[in-house]
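This briefing is meant for a reader who is meeting the structure for the first time. Please keep the sequence and the model in view while reading the points grouped below.

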Amino acid sequence: MALSVSPVLIGQAEPAAHPPAADEALDEISVGRFWHAARILRKEGAERGSPDRVLLLARAEAGWRNWSAVVDLLDGRPWLPVQDGGEGLVLLGHALEAEGRWPAAAERYEDFLGRLSEEDTRRSALLARLARVRAGAGNMAGALEALDAIPSRDVTVRSWAAVELAESPSQRADTSTLLRLHERIVDAQARAATWRQVPDARLAAHDSLGAERGFRDALATVRGDRRAEASAEVGLLALARGDTAEARELLGNGATHGSLTSRGRAAAALIGMGGIGLETSLDLGSILDRSGDGASALRAYDRAARLAPGGAAELPGWARLARARLMATVRVRQDEAVEEFRAIHASSPGDALGGRNLEAWMALRRRQGRTGDVSTLRGWLLDRFPGSPQAAEVLWERGSSAESRGDLDGALTEYSRLAAAAPSLARSGQARMRAGQIHFGEGRFNEAAEVYEAYLSDFPDGRRWEEASYWAARARLEAGDSAATRRWIENIRAREPVSYYAVMGSALLGESYHVELSTGARSEVPGWLTEGLRRLDLLADAGLERGAAAEESRLIGRAKGSSSVTLALAEALIGRGRTVAGINLGWGLRNGGRTWDRRLVQVVYPFPYRELVRREAEEWGVDPIMLAALIRQESAFEADIVSTAGAVGLMQVMPSTGRELAQAYGPAPFAAASLRTPEVNLHLGAAFFVQMNGRYDGMLPLVLSAYNAGPTRATRWRRFPEASDPVRFTERIPIDETRGYVKNVRRNFGLYQVLYGQQ
């Protein structure tokens with residue numbers, strides 16, 4: 001759980017007057033520049049100053065999660081309970097909680113709570129934190145007491161605090177304590193989230209009968225996927241005690257519905273039981289294959305092959321191929337797999353099955369190092385199944401390789417062959433775009449325009465219609481037909497004004513990019529939304545992120561059906577830093593038919609942390625609009641988001657990169673957790689952007705390619721002949737993700753200039 005200091009919890013008490021350094025620090029704190037504020041205060045020796053100066057410094061250090069500094073500043077200070085209403089008690093409590101010093105954190109929270117009235121709105125969040133740290137200290141009785149002290153108006157906070165305690169490893173096997181915690185979970189969503197905690201605890205305690213009773217009780221209360229999961233669990237336990245008849249029925253239900261993981265467990269048990277018919281064996285094999293249990297899936301398909309009157313040859317083509325593919329992963333059955341691949345190939349399959357069969361066969365031969373066989377199979381693929389996606393990939397690879405080594409005629413041949421063989425495939429459209437670029441690069445502008453216009457004739461609404469329209473326009477401009485150029489660009493701006501090609505098209509016409517937007521009407525916010533947002537804030541202040549996410553989902557579900565309420569909710573979520581959810585709501589409205597207006601565009605392309613971005617950009621000499629455009633693509637302004645690769649925060653800084661940059665530019669001490677704070681992340685992300693900008697001489701597509709795909713790739717791509725033309729180079733970027741990334745940031749830059757440039 002990420003800890004942060006909430007102004008709702010600590011208040012905003014400030015001394016009436018400050019010397020210049022303190023005023024400067026307060027100004028930095030007001031826009032979220034806590035580390036900068038701490039540096040200002042330490043430079044003037046605030047840590048040795050009066051209580052109000054020490055407390056101000058502690059606020060600054062807490063803002064960028066420098067918790068050890070907060071402890072050093074505040075621990076043992078005799079004035080802590082009385083200075084600024086005891087604000088320092090909460091700051092110190094947060095710092096001690098972050099360091100896992102549970103008893104000490106509990107003491108500070110208790111001291112502060114003792115100073116609050118029963119009506120104080122901060123009590124519920126602080127009591128939830130107190131329950132957490134008491135439980136961490138092993139004082140479960142005290143934790144339950146804190147939960148019970150949460151006012152009844154905030155039962156949602158009490159419920160989710162109990163859920164968090166129940167999910168801690170120390171409580172999972174303690175059925176008695178779990179039951180006591182569950183008594184305090186009354187919120188419906190929180191209760192649904194904990195439906196299997198008690199039966200799981202009984203399983204951990206080797207009480208299988210008690211666990212089965214718990215899962216049976218759940219069958220009567222849960223719905224949807226959870227019901228199917230409960231059915232699978234009861235079936236597995238019934239099978240373990242020998243009741244195969246009931247187990248078969250329950251497992252069948254569990255294998256048919258629910259999450260793929262749960263269905264896979266049920267399917268594996270059913271296959272192990274035997275007595276399964278042909279169709280059921282095929283269904284279970286498919287489930288197991290998709291759930292990643294290849295060994296059980298192969299057993300299911302083998303059973304189906306034995307049950308089929310004519311053996312494997314009579315299985316449906318997809319199942320026969322799936323069985324052969326799985327056999328190919330078992331060393332002792334690889335020869336058998338090859339025989340099946342050969343038999344499928346001889347059965348005159350269509351493009352779809354035939355292409356996938358040869359693809360799997362090639363994968364086996366490639367693993368075996370038999371490159372000659374791979375070449376032969378590739379030839380068969382192109383000869384017999386030229387319209388298959390697999391053949392399209394081979395032709396694309398050939399064309400791309402020829403283009404990379406400068407054999408442009410060879411590339412055109414392969415691209416044309418691909419476009420003719422599989423015109424509706426995505427690779428075909430991409431091949432046509434590359435063919436047009438080759439003609440353009442060779443100065444054959446009319447031929448290039450004809451390629452793009454032919455694509456638009458065949459696919460006027462194809463996925464590449466914007467790209468084709470822009471390049472038809474540019475080719476016609478180079479050929480001297482400015483009227484045709486304007487027609488194509490106006491078509492883009494009319495159909496999709498908020499797009500990369502609308503931005504670039506305006507530049508092509510020598511015009512400033514603009515979007516005609518109405519203001520967007522506002523309506524009254526319903527009372528249930530105001531109350532729901534209050535609950536959301538309380539849950540966030542208490543550090544109960546799972547509960548906050550559930551409340552967010554509840555509000556989104558209730559807002560459905562009303563465009564005005566959904567838009568108001570989106571704006572409210574973005575204002576609370578929950579930007580991904582807000583942006584997704586905006587896209588939902590757009591995809592549902594709402595036309596672009598200024599409110600909707602600013603929801604989909606918001607600009608939180610505006611002053612923070614402006615100041616950081618000023619320090620680095622970077623356009624703040626460019627930083628905003630980059631952040632919108634990297635994180636959608638979600639401050640604590642973490643990618644699957646481990647990149648963190650607004651500018652998606654890898655911890656290793658952040659540590660290296662911090663050694664040169666601060667902050668010190670550096671901790672990976674600090675990357676979740678907007679200021680530190682912006683500071684280090686901007687440093688990296690500036691480094692890449694210097695390395696690639698400000699050539700934006702190369703700079704962005706380096707930011708996204710790494711400088712090693714960008715340096716290699718710099719050798720492309722298109723590198724001198726930013727727009728052509730962008731189209732040449734060989735990685736789809738990076739190419740789209742560069743286009744999106746450039747679109748964002750143009751759009752943010754329109755939306756926020758004058759602000």
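Which residue takes a positive phi just after H18? In this predicted model, Gly-274 does so, with a phi of about 80 degrees.

**Helix H18**

- Helix H18 runs over residues 260–273, and because its 14 residues should span 20 Å at 1.5 Å a residue, the 20 Å between its end C-alpha atoms agrees with that expectation.
- The buried residues of H18 are Ser-262, Arg-263, Gly-264, Ala-266, Ala-267, Ala-269, Leu-270 and Ile-271.
- The cover over these buried residues of H18 includes helix H16 (224–240) and helix H17 (244–256), together with helix H19 (278–290) and helix H20 (294–307).

**Salt bridges**

- The structure holds 74 salt bridges, and one of them joins the side chains of Glu-28 and Arg-33, with 2.9 Å from N to O; both of these residues are buried.
- A salt bridge also forms between Asp-725 and Arg-474, whose closest N and O atoms are 2.5 Å apart.
- This pair links distant parts of the chain, 251 residues apart, since Asp-725 sits in the loop between helix H42 (711–717) and helix H43 (726–732), while Arg-474 belongs to helix H29 (residues 465–478).
- Asp-725 and Arg-474 are both buried.
- Through salt bridges that share partners, Asp-27, Glu-28, Arg-33, Glu-611, Arg-614, Arg-615, Glu-616, Glu-618 and Glu-619 are joined into one network.
- Arg-108 and Glu-107 form a salt bridge as well, their closest N and O atoms being 3.4 Å apart.
- Arg-108 counts as buried because its relative accessible area is 14%, under the 20% limit, whereas Glu-107, with a relative accessible area of 46%, is partly exposed.

**The second largest pocket**

- The second largest pocket has a volume of about 510 Å³, and of the 25 residues that line this pocket, Glu-634, Ala-647, Gln-652, Tyr-707 and Asn-708 lie nearest its centre.
- Two or more lining residues come from each of helix H38 (624–634), helix H39 (655–665), helix H40 (678–695), helix H41 (700–709), H42 and helix H44 (736–756).
- H41 gives the largest share of the lining of this pocket, namely four residues.
- Sorted by class, the lining of the second largest pocket is made up of 14 nonpolar, eight polar and three charged residues.

How values were computed. Residues are numbered from 1 along each chain as its sequence is written. This is a predicted model: local features need pLDDT of at least 70, side-chain atom pairs count only at pLDDT 80 or more; totals for chains, interfaces and linings use all residues. Side-chain values use heavy atoms; hydrogens and water are left out. A salt bridge is a side-chain nitrogen of Lys or Arg within 4 Å of a carboxyl oxygen of Asp or Glu. Buried means under 20% relative accessible area, exposed over 50%, partly exposed in between (1.4 Å probe, protein chains only). On a 1 Å grid over the protein atoms alone, a cavity is a set of points where a 1.4 Å probe fits but cannot get out, and a pocket is an open set with protein on both sides within 12 Å along at least five of seven lines; lining residues have an atom within 4 Å of a point. Grid points are joined across faces, edges and corners, and a volume is the space filled by probe spheres set on the points. Ala, Val, Leu, Ile, Met, Phe, Trp, Tyr, Cys and Pro count as nonpolar, Asp, Glu, Lys and Arg as charged, and the others, Gly among them, as polar. The expected span of a helix is 1.5 Å times one less than its number of residues. Contact means heavy atoms within 4.5 Å.
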